[in-house]
Amino acid sequence: MKNAEQTCQQQLEELKKEYEEFAYIVSHDLKAPLRAISNLSEWIREDLGENLEPDVKQNITLLQSRTERMERMINGLLVFSRVPRYDLEIKPVNVQELLELVVTNLDKEQNVVVHASNLPTLTTYSKKLETVFVHLLQNAITYTQQVTPEIWVEATEQEEHFLFKVKDNGIGIPAEAHEKVFKMFYSIQPKDLQANLGVGLTICRKILQFVGGSIWLESEPGTGSVFTFLWPKSLETSFVAPQ
C-alpha cells in the first residue's frame, strides 16, 4: 500500500514538473517571438516616417493586431491549463457577496443591472466559483445590444448540487452553436469584428468538470441566453486529480 502511495505521489510530481515546463514554454518561448514581431513592425513604421501609403499603414496595423491577438490566445491556453492546478483554496463562500464583488469589478463602463435571488453560502473552491461567474457575466455584457444589460442570477438547492441559472437580455445564440460556444476560441461573430477570444466559456466548462458539475445553455436569437450550471454542495466526492 505504501509503495502504491509513493508511486502515485511520484507520478503527481512528474506531472507537476511537466506542467511547469509547459508553462515556461508557453509563457516565454512562444510569446517572446510574438513580442519581437510586434516591436519590429513598430520600428518599421517609425523608419518609414509619417508619409506612409495607406495600404502599408493598414498592413502594419493588421500585423500588430494579429500578434497581439495571438499573445492573448496563448494567455488563454495558459489559463485553461491551470484549472486543475491553481486556485485550490477551499473556504466558506457567500455567493451573494461573491457576485456583488464580481459585478463591481466588471462594471467599469457598462451600466449593467444584476438581479440576484436565493443565492446560498457553501464551502468550496471560492476562486474557481468566482471565475465561472466572471466569465458568464462578462459574456452577457459583451453580447448585448441593450443600452442597459440586465442579468438575472438565481440558485436552486438540489440533493447533491446547487443549480445556478445566469440569464441575460442579450442577442441570443442559435441552436446549432449551443455546444460550439464551449469550445476553445469559437466565436459566433467574425473574429475580426470583436476582441473576445472565445475562451471564457471553455474555462467555465473545464472548472465545472473539475469540481464534478456541469454546464449547459438555453437560448434563441433575439431572446437572450440562460446558462445553467450544477455546482456540488460537497467537495468530498467531486475532486478530480490533476491530469
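The following legends describe close-up views of a predicted model.

**Figure 1. Overall organisation of the predicted chain.**
The chain contains 5 helices and 7 strands. Along the sequence, these elements are arranged in the pattern α-α-β-α-β-β-α-β-β-α-β-β. Of the 243 residues in the chain, 38% are buried. Among contacts with a separation of 6 or more, 72% join residues 24 or more positions apart.

**Figure 2. Packing of helix 4 against helix 5.**
Two packed helices are described by the angle between their axes and the distance between the axes. For helix 4 (residues 126-142) and helix 5 (residues 200-211), the angle is about 150° and the axes are 9 Å apart. Helix 4 is therefore roughly antiparallel to helix 5, as angles over 145 degrees are assigned to that class. The crossing of helix 4 with helix 5 is left-handed. On the side of helix 4, the contact is formed by Lys128, Thr131, Val132, His135, Leu136 and Asn139. Helix 5 contributes Gly200, Leu201, Ile203, Cys204, Ile207, Leu208 and Phe210. Classified by residue type, this contact of helix 4 with helix 5 comprises 8 nonpolar, 4 polar and 1 charged residues.

A polar atom of the Thr131 side chain lies 2.9 Å from the backbone oxygen of Lys127. When neighbours within four places in sequence are set aside, the contacts of Thr131 are with Ile203 and Ile207.

**Figure 3. Packing of helix 3 against helix 4.**
Helix 3 (residues 95-106) and helix 4 have axes that come within 10 Å and cross at roughly 50°. This angle makes helix 3 oblique to helix 4. The crossing of helix 3 with helix 4 is right-handed, whereas helix 4 passes helix 5 in a left-handed crossing. Val95, Leu98, Leu99, Val102, Val103 and Leu106 are the contributing residues of helix 3. They meet Ser126, Leu129, Glu130, Phe133, Val134, Leu137 and Gln138 of helix 4. The residues of this contact comprise 10 nonpolar, 2 polar and 1 charged.

Gln96 belongs to helix 3. With a relative accessible area of 28%, Gln96 is partly exposed. Gln96 and Leu119 are separated by 23 residues in sequence, yet their C-alpha atoms are 5.7 Å apart. Beyond neighbours within four places in sequence, Gln96 is in contact with Ala116 and Leu119.

Most residues other than glycine have a negative phi. Asp87, however, has a positive phi near 55°. This residue is located in the loop between helix 2 (54-82) and strand 1 (90-94). Asp87 has a relative accessible area of 40% and is partly exposed. Asn118, likewise not a glycine, has a positive phi of about 60°. The loop that holds Asn118 lies between strand 2 (113-117) and strand 3 (121-125). At a relative accessible area of 63%, Asn118 is exposed.

Thr144 is placed in the loop between helix 4 and strand 4 (150-157). Its relative accessible area of 16% means that Thr144 is buried. Apart from neighbours within four places in sequence, Thr144 is in contact with Pro149, Asn169, Gly170 and Ile171.

**Figure 4. Glu218 in strand 6.**
Glu218 lies in strand 6 (residues 214-219). The relative accessibility of Glu218 is 41%, and the residue therefore counts as partly exposed. The C-alpha atom of Glu218 is 9.1 Å from that of Gly172, a residue 46 residues apart from Glu218 along the chain. With neighbours within four places in sequence left aside, Glu218 is in contact with Lys165, His178, Ser225, Val226 and Thr228.

Conventions
Residues numbered from 1 in each chain as written. Predicted model: local features only at pLDDT ≥ 70, side-chain atom pairs only at ≥ 80, totals over all residues. Heavy atoms only, no water. Axes fitted to C-alpha atoms, helices over the stretch in contact; angles between N-to-C directions. Helix = DSSP H or I, 4+ residues; strand = E, 2+ residues; numbered from the N terminus. Parallel < 35°, antiparallel > 145°, perpendicular 65-115°, else oblique. Left-handed = near helix turned anticlockwise from the far one by under 90°. Contact = heavy atoms within 4.5 Å. Nonpolar A, V, L, I, M, F, W, Y, C, P; charged D, E, K, R; others polar. Polar contact = N/O pair within 3.5 Å; in protein donor to acceptor, adjacent residues only side chain to side chain. Buried < 20%, exposed > 50% of the residue type's maximum accessible area, 1.4 Å probe, protein only.
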